[in-house]
Amino acid sequence: MPYSHLNDFPADIRERAARVRLLGLDVDGTLTDGRLIHSDAGTESKAFHVHDGLGLKLLGEHGIAVALITARRSPVVEARARELGLPHVHQGVRDKRDCLRALCAELGLDPEHAAFMGDDLPDLPALGFAGFSAAPANAHPWVRERVHWRTQHAGGAGAARELADLLLAAQGHAEAVLARFLDR
């Protein structure tokens, strides 16, 4: 049975999602709930959602490059990216738009083939550059009103998976992904 929820999305969102070959993601507030947890020993921890992780792996398996682009530096982010097999990890980034632009150039892509998901004001330049911009449901209001699409899930609670599923469906991969797991 074909993916039935794709038609729930407006045509322009489906068209933008169908063109994406690179997904850039902010980390704090997008792949996490935005809280920064510091121990007494000075170590930082973050919680990532397992659904998001599988979605990002599935994107890579279907030809969509995934890049983490974050202003902060954290060994936890590097470890999570390594665990998911994500080769594009950019930490300590002051200008996320320039980073996304450079990734597009490196991969030979036009901006219309890039998507970016972010949740707060520092993400706005990259969101404005990308051909498809998205924000988690709990993004800052000034960000939510300036993106092409908002998820129903919050950052760190499946928002990235929701976007991954939309990209996979818009590019005709949803049935194959589902069949792979049903045929086990």
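Six strands of this protein chain form an open sheet in the order β5-β4-β1-β6-β7-β8, with parallel pairing. Strands here are DSSP runs of E with at least two residues, helices are runs of H or I with at least four, and both are numbered from the N terminus. Two strands count as paired if DSSP finds at least two bridges between them. At the edges stand β5 and β8 (149-150), each with a single partner strand, so one side of each has no neighbour in the sheet.

The model is predicted: local features need pLDDT of at least 70, side-chain atom pairs count only at pLDDT 80 or more, and totals for chains, interfaces and linings use all residues. Residues are numbered from 1 along each chain as its sequence is written, and side-chain values use heavy atoms, with hydrogens and water left out.

Let us turn to individual pairings. Strand β1 (residues 22-25) and strand β4 (residues 65-69) run parallel and are joined by four bridges. Leucine 25 stands opposite leucine 68 in β4. Strand β6 (residues 114-117) is likewise parallel to β7, through three bridges. Phenylalanine 116 has serine 133 in β7 as its bridge partner.

Which way do the residues of β7 (residues 132-135) point? Phe132 and Ala134 point one way, Ser133 and Ala135 the other way, and all are buried. Buried means under 20% relative accessible area, exposed means over 50%, and partly exposed lies in between, using a 1.4 Å probe and protein chains only.

Is histidine 88 buried or exposed? Its relative accessible area is 14%, and therefore it is classed as buried. Not counting residues up to four places away in sequence, histidine 88 touches Ala65, Val66, Ala67, Leu68, Leu103, Glu106 and Leu107. A contact here means heavy atoms within 4.5 Å.

Finally, the chain as a whole. The protein chain has eight helices and eight strands. Along its principal axes, the C-alpha trace spans about 50 × 40 × 30 Å. Buried residues make up 46% of the 184 residues. Among contacts with a separation of 6 or more, 57% come from residues 24 or more positions apart. The chain exposes about 9,200 Å², of which carbon and sulfur atoms supply 51%; these areas come from the Shrake-Rupley method with a 1.4 Å probe, and for residues only the protein chains shown count as cover.
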